[in-house]
Number of protein chains: 2
Amino acid sequence: MINQKYLGMLDNRNVIRNLSEYATKRSKEIGEENVFDFSLGNPSVPAPESFKEVSIRLLETMAPLKLHGYSPTLGIPEVREKVAASLNRRFGMNYTADHIFPTSGAAGALAHALRAVSKSGDEILVFAPYFPEYNPYIEATGATIKVVPADFDSFQINFEKAEEFLTENVAAVLINTPNNPSGILYSEETLVKLGDLLTRKSREFGHNVFLISDEPYREIAFDGKKAPYVAKYYPHTLTCYSFSKSLSVPGERIGYVAVNPACEHAEHLVPMFGQISRGIGHNCPSSLIMLAMAETCDDTADLSVYETNMNLLYDTFKELGFTVVRPGGTFYIMPKALEDSSIKFCEKAKNYDLIFVPADAFGAPGYFRVAYCTDTEKVKRSLPRIREFVEKEYARKQ
Amino acid sequence: MINQKYLGMLDNRNVIRNLSEYATKRSKEIGEENVFDFSLGNPSVPAPESFKEVSIRLLETMAPLKLHGYSPTLGIPEVREKVAASLNRRFGMNYTADHIFPTSGAAGALAHALRAVSKSGDEILVFAPYFPEYNPYIEATGATIKVVPADFDSFQINFEKAEEFLTENVAAVLINTPNNPSGILYSEETLVKLGDLLTRKSREFGHNVFLISDEPYREIAFDGKKAPYVAKYYPHTLTCYSFSKSLSVPGERIGYVAVNPACEHAEHLVPMFGQISRGIGHNCPSSLIMLAMAETCDDTADLSVYETNMNLLYDTFKELGFTVVRPGGTFYIMPKALEDSSIKFCEKAKNYDLIFVPADAFGAPGYFRVAYCTDTEKVKRSLPRIREFVEKEYARKQ
């Protein structure tokens, strides 16, 4: 018989995808230029020219048997070396090739990291607001997701609640900075406090709590700042990365797990990822894409558009009286809705062809997510529309 | 705490990989040309020129945002259409794009197919000899693998035993033809009998037993024959395919599941695969590779070398008195060892720098697997070495 669990999942349609499909349908009716679709977190800038050049050169010059041949279970050695060297150079780490495991994007990275450091029945702690796909990612491993409520003032970590939720059942803490959906970048202060908390609790429990750091937005940081490198603040850290945003190649499914050399069992974790792969479909990346990434991993697409867009939207939301924390990175901003129900708020916005996502599923009820990975020109055209929407629907509150 | 199951798996080294590593080590000592490494099933012919040409053209002409952008959860529509059309044209099927789910190789395909048609506690039936990676593939889903003993005369299906093993707990039967390790191609007669058995048992149990057909070697068939298309013989068939062998691109991780339109729940199965992906790392293939495959899926590398090699080895093994069934495809042959223990036999062969794999782990104790995906010139040079090995070690038996 067919698996009833997966059959049942077909009814629980993804709210973001529903909105995105609505936007596509509406675009066909009134023209794409007239629908302000802020629903999907899909990079809007082209990959750097270097990615294309390197890919073509590999295809033209490398022997096909070598280029397209099976890669070793743990990834192509020279690719792993180049990623380690890049991280060491950029963040002052001391990775070797043995600490790097190439994966099919951050989702693939998380699938391996979660399985390696937890078992069925364990708890994985996440901090609201958080990426809702963590639910299926974690549930499929047999562990349970526990969501620490948000600090709504800053969208940094709510440490009071974290202390309460971090019980002995917690195998790992999963964070995402810069953050989807809030756009917030965890500060050094936050990461120091988190490291202290994990160290103290690990000592108390007599076993180390692992930190899984999901950082696909690491290279999109604003105001000339850099996102602090999470693994520097706690030894038992598994860094999960994707080049989807930095190289603007989300369809190529390329990322990695980097195991902090100071992590407990650092020498076993990457070989364990190789074993885990056998049970979940050998989801290793394409050999061509792995090799192209190795030569371009220090490059990025032109990511400046995201900061330009953020400033335009942030200023407008502030001016219109929204409660909103200014993002430090990503291509998201998450203001508070102008009525209690963000679902109703987003429904009304649709009448103005503004497609926003209620952030309830992200653990921030009453807030909404705006994904501004789009042309600046279009963002500019959306501003009077946002103003019109707010003035017509919520005039009494202004 | 670290996951003890995966940590424990590090001790159970893969016998094939051990032998392959020994061969690599030995090659460094005496030169690669002097080691006859028949251990790994790694394609030895280059990808067709068309794969390179199409890939370069896509990189040069397609907008990077489209080429490298996220593909839809169920795969790129035009890729799915082209695969369906190719299967329909070649095998007289009636697939539409909706029945095709692109995956990262056959391993990815099996990870989805197995989860969709079974649940924890169910049994999955396989027929010896079988690919031993089916063990971790199946165990990770929570189901249990049951191995029907081989028909040692023909290495077709042992139907007497199959009848006995096919109980109500069996959710799906997993077959692999052309077969790794035996090289045997299931005959039309075998597939008709299997279809009849499954239909009869499904009726008896009151629910359909699914057939999962793993066919990465489908395009490597000998004597001018074609491998019968399995899904034609039973409606409830999920075909798992990889282009690793036909296009000789195993590192690119590209394959698919094709759901027979006549299959129960045919309309739900592909959407279910999309849900399953969320829990196992979104292991979808690279968008560039998907698009390149779509344009080359009717092509193959020059696969004739495998048949040439098979004939050389088969004739030699026969002449030396081995019990061996002539392969109908793949790049494997599986003779019976000349002593009871194939492990001892293969150990002795190593002294002649002949690297064979005991087939015990494949469910064929006493047999050994020879993977002849190598230069014909090298196969020719191996023949006197095989003769020398047999004459010196087993002269009394000849």
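The sections below describe a predicted model, taking one region at a time.

In chain B, the loop that runs between strand E8 (255-259) and helix H10 (266-279) contains B:Cys263. This residue counts as buried because 23 other C-beta atoms lie within 10 Å, where the cut-off for that class is 20 or more.

When residues up to four places away in sequence are set aside, B:Cys263 touches B:Pro235, B:His236, B:Thr237 and B:Leu269. By contrast, B:Gly281, although 18 residues apart from B:Cys263 in sequence, is 27 Å apart from B:Cys263 in space, taken C-alpha to C-alpha.

## An open sheet in chain A

Chain A has an open sheet of three strands, which follow one another in the order E9-E12-E11 with antiparallel pairing. Strand E9 (332-333) and strand E11 (357-358) of chain A are the edge strands, each of them pairing on one side only.

Between E11(A) and strand E12 (residues 368-371) of chain A, the antiparallel pairing extends over two bridges, and A:Pro358 is found opposite A:Phe368 of E12(A).

## The largest nonpolar core

The largest nonpolar core has 258 residues, and among these A:Tyr372 and B:Tyr372 touch the most other members. In soluble globular proteins, nonpolar side chains tend to be buried together.

Apart from neighbours within four places in sequence, the contacts of A:Tyr372 are A:Phe38, A:Tyr306, A:Asn309, A:Met310, A:Leu313, A:Phe331, A:Ile333 and A:Val379. One of these contacts, A:Ile333, belongs to the edge strand E9 (332-333) of chain A.

Conventions: Residues numbered from 1 in each chain as written. Chains lettered and ligands numbered in written order. Predicted model: local features only at pLDDT ≥ 70, side-chain atom pairs only at ≥ 80, totals over all residues. Helix = DSSP H or I, 4+ residues; strand = E, 2+ residues; numbered from the N terminus. Buried ≥ 20, exposed ≤ 12 C-beta atoms within 10 Å, placed from the backbone. Contact = placed C-beta atoms within 7 Å. Pairing = 2+ DSSP bridges. Core = buried A, V, L, I, M, F, W, Y, C linked by C-beta atoms within 7 Å.
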